[in-house]
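Here are a few notes to read alongside the model. Have a look at it first, then go through the points.

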There are 2 protein chains.
Amino acid sequence: MRIGIDLGGTNIAAGLINENLEIVEKDSVKTLRGADAVVSEMEVLAHSLCSQAGLRLSDIESVGVGSPGAVDSREGIVVYSNNLEFSDVPLAAMLGGKLGLPVRIGNDANVAALGEFHAGAGRKAASMALITLGTGVGGGIILGGRIYDGFNGMAGEAGHMTVVKDGALCTCGRNGCWEAYASATGLIRMTKDAIARHPESIMVQISEERGKVSGRTAFMAARQGDQAGNEVVDEYLSYVACGIANLINLLQPAMLCVGGGISHEGAYLIERLQPLVDAELYNVGERKTEMCLAELGNDAGVIGAAML
Amino acid sequence: MRIGIDLGGTNIAAGLINENLEIVEKDSVKTLRGADAVVSEMEVLAHSLCSQAGLRLSDIESVGVGSPGAVDSREGIVVYSNNLEFSDVPLAAMLGGKLGLPVRIGNDANVAALGEFHAGAGRKAASMALITLGTGVGGGIILGGRIYDGFNGMAGEAGHMTVVKDGALCTCGRNGCWEAYASATGLIRMTKDAIARHPESIMVQISEERGKVSGRTAFMAARQGDQAGNEVVDEYLSYVACGIANLINLLQPAMLCVGGGISHEGAYLIERLQPLVDAELYNVGERKTEMCLAELGNDAGVIGAAML
């Protein structure tokens, strides 16, 4: 049995994972502020998972943690996380010291990719890139069954690849990052702009009924044939496709898996995205990267963390 | 002994490579048109290298060929090459049939990266990305001492990653590719634009003396303190840095090696490029990708091909 912990800015989710990569016990808490508080929360979660399963901590093989931000997986350090307000936090050593167990950490998107590869959509793939289209855009690359994280443990930042040089400001402080356009945040910005220009669009009613413009507004309108909604979805997906094509042209993974909140649009998303991606591929031979939806949702992070 | 062949649109260079990865014999011919003619030329080159060295063809362990364009290295097929006017040419089987030797092929930039990694600038690196700034922009990724070319043998097309969505037209027919800006071709376009706007620039004299605007014009002017020349170099290098930062943010190779014609600007190039790249890095921990110049020039392609 292993413990996987998905450390998020809002919640910490933890699970007890068996040898078949199934979650047998699950628990979560709100994320407190400060590294010491977070480590204490994770310690409590580990104990409670064990007691739920009638195990002792010494029955646990290892603990893995997926953390947002820049993570040095080799050294076990969260170098920087805006969400957690962490800077150079030796998370693996801190938690390992409390639990007396081996602890490994990784970037949350890399860890989710690992989970999705072994227990989800990537089960039959030789290699995979996962992108998560949520508040931000995360990316994880799985080669040879393992996270590819470069010589220093920090690779895979697909969301911060520049696709519009000198373009829109990203939360990271740089300009033109893929994340600034392909995230739900980017989609909401495009939707709001379109609503301002098109008072006749059903996006107006949809957003009023739901009390806000969300990443779903334009998709809901587009599915109902709304022209302005379709234009927003087309514009948004052209940015999503741009970054996906960059990943494929550079890495040619067997599978390109799309996760995150936007992926709940399901088959409709892939159907609209596929021709846009195909048009941007440079090398098209017999064997083409397969695009698919993530299957595990938030469980990917917990399962992947346990596999670190 | 192995034979390495660098198949270019203008010349075919071939070399006999010993166990220390040194070129012991070398030969080259102009590239003819048509796959049969090219294969015959390579056959003749192989025979002539052997006779120069007093060897028989049967003394040769293997032959490798680096080819421009989209190459399926697994199947030994040049899927498409604009330069060679090749389409689905089974180059490995054709040349292997003529020589009675095992022949492997790879994309020329990938192959040059392999040579540079094992016998050049990358000798002490754990992993490396090579970019070649020439007429086009080539890219090759070396992980675990081997070419990383994806699940279908076609990865590494860094030059065709989009950095300006809906930007300048690239020779590949797509828009905004890194190659459209960071190639010598892109630099020459920027230089010509600046000359038109700045008749006072010494770029005017430099290009007149040399009979043309080249990839060196703006660099020569900049080194002499010419303002317009400096502006062109700044603009050009901002595009080069954009793509390099994308590669580092995504792949974090231990070494990022810059080759191709533009790399002849030497240390001056790296000195001006480094701060621009640093400003675009997303994760900056203790260990940072080292940027360096390619050392082997055209020999990288021949040596790398022999190592396939």
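1. The axes of helix 1 (residues 35-52) and helix 2 (residues 91-99) of chain B cross at roughly 45° and come within 10 Å. Helices here are DSSP runs of H or I with at least four residues, strands are E runs of at least two, and both are numbered from the N terminus.

2. A word on the source: this is a predicted model, where local features need pLDDT of at least 70, side-chain atom pairs count only at pLDDT 80 or more, and totals for chains, interfaces and linings use all residues. Residues are numbered from 1 along each chain as its sequence is written, and chains are lettered from A in the order in which they are written.

3. Which residues meet where these two helices touch? From helix 1 of chain B come B:A35, B:V39, B:M42, B:E43 and B:A46, and they meet B:M94, B:L95, B:K98 and B:L99 in helix 2 of chain B. Contact means C-beta atoms, placed from the backbone, within 7 Å.

4. Now the two chains: their contact takes 35 residues from chain B and 36 residues from chain A. On the chain B side, helix 8 gives the largest share, six residues.

5. Of the interface residues of chain B, 100% are also interface residues in chain A, so the copies meet through the same surface.

Technical notes
Axes fitted to C-alpha atoms, helices over the stretch in contact; angles between N-to-C directions.
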